[in-house]
Amino acid sequence: MSDIEKINRFTRREFTEDELYIFPVKLCDNAIDRDGERFSDKALEELKTLFVGKTGIFDHDPRAGNQEARVFDTEVISENKTTSDGRPYKYLKAKAYMVRNAANQPLIDEIDAGIKKEVSVGCSARKKICSVCGANVFEQGCSHVKGKEYGGKLCHYIVDDINDAYEFSFVAVPAQINAGVTKKYIPKEEKSMDFTPINTQEELDAAVKTAVDAAVAETEKKFSGWLSPESAAVLTKERDDLSAENTVCKAKVMKMQIAAENGIPLELAENMAGDSEEDIRKEAQKFAKYLTSRKVQPTPKSTGDTPFANSKNNAQLEMLRELRNN
Ligand SMILES: [Zn+2]
């Protein structure tokens, strides 16, 4: 597709090449700029797509008004040189057009003469990554300072994950390095850059408390559903108690079953010693043998008669004493 064909996709009527002024412009690159920031190579590719159809403005010019250029083509260019931190240098080149008319002619002359050549780009990014630790400074702070060296590594921020591009503008003040690229980002950055100076002990205490509270809240959130060692100890004890109770109950049931099998009154079952089935069966045999030899009648159903109940208890106690002495 020729330049004029690409341009005519943006115009309301067909233009001829003679009616238009077409010029190249270097929008931005991947070198570290004077703010200590750079675009990632991926960001350049994202900007390449986003800048097609965006306008170029001359907002520092009092005559600005209707003067506008429009980007109709973009390309990432690799140059045979490296950035200051040793990466292959790349930049985003755009082709823009303006209508050739009397009002635009002075600007066209300035662009042709190389007087107007520095531009700034407006875009928004989701990430600004610390080159030292990899933190996205939009989301989490880090202790590294742009422009300082850490272990021989220069700290800078890498602008990445571009979500929109706004426009480019010719800047009046030239001589900025790297085509005078300046950047506007999503409001999040302004928030993260918002810094209130701390002047008093109270303000410091408050700031520390806020940070500590946030850390505690985060930790609680992280470990919600987990038990403290104290709670775990209580639950362990409850479990052990229940387990012990369960063992006692099982032994009780077993004693009653074995007692029934051996014709031993259930009232006596609990008095049989032993925890294992084997021991209880041995004990039951002893009881059965004794009961047979003494021809003890099964205890009658309770009559509610206290003296009788007492005498029954006494008889049982006597029997147990004799059994234990065997
Ligand atoms: Zn960092």
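Asp161 counts as partly exposed, because 16 C-beta neighbours lie inside 10 Å of this residue, and a buried residue would need 20 or more. Asp161 is placed in strand β9. Although Asp161 is not a glycine, its phi is positive, at about 60°. These values, like those below, come from a predicted model.

**Overall make-up and confidence**

The chain holds nine helices and nine strands. Of its 326 residues, 21% count as buried. Taking contacts between residues at least 6 apart in sequence, 65% join residues at least 24 apart.

Mean pLDDT for the chain is 80, and 81% of the residues reach 70 or more. Confidence is highest in helix α2, at 97, and lowest in helix α4 (residues 187-193), where the mean is 39. Two stretches have a pLDDT below 50, as listed here.

| Stretch | pLDDT | Contacts beyond near neighbours in sequence |
|---|---|---|
| residues 174-194 | below 50 | 39 contacts |
| residues 303-309 | below 50 | two contacts |

**The largest nonpolar core**

In soluble globular proteins, nonpolar side chains tend to be buried together. The largest nonpolar core in this model has 35 residues, and the members that touch the most others are Leu27 and Leu47. Two or more residues each come from β1 (20-29), α2 (41-50), β4 (68-82), β5 (88-99), α3 (105-112), β6 (119-130) and β9 (157-170). Strand β9, with seven residues, gives the most to this core.

Leaving aside residues up to four places away in sequence, Leu47 touches Leu27, Cys28, Leu92, Cys123, Ile162 and Ala165. Apart from this core lies another, made of nine residues, including Ile258, Ile264, Leu268 and Ile280.

**Helix α2**

The buried residues in α2 are Ala43, Leu44, Glu46, Leu47 and Leu50. They lie on the same side of α2, because they cover an arc of only 165° around the axis. The elements against which the buried residues of α2 pack are β1, β2 (37-39), β4, β5, β6 and β9.

Technical notes: Residues are numbered from 1 along each chain as its sequence is written. A nonpolar core is a set of buried Ala, Val, Leu, Ile, Met, Phe, Trp, Tyr and Cys residues joined through C-beta atoms within 7 Å. A residue is buried if 20 or more other C-beta atoms lie within 10 Å of its own, exposed if 12 or fewer, and partly exposed in between; C-beta atoms are placed from the backbone. Helices (H or I, at least four residues) and strands (E, at least two) are DSSP runs, numbered from the N terminus. Two residues are in contact if their C-beta atoms, placed from the backbone, lie within 7 Å. The arc is that of the directions from the helix axis to the C-beta atoms. pLDDT is the predictor's confidence in each residue, from 0 to 100.
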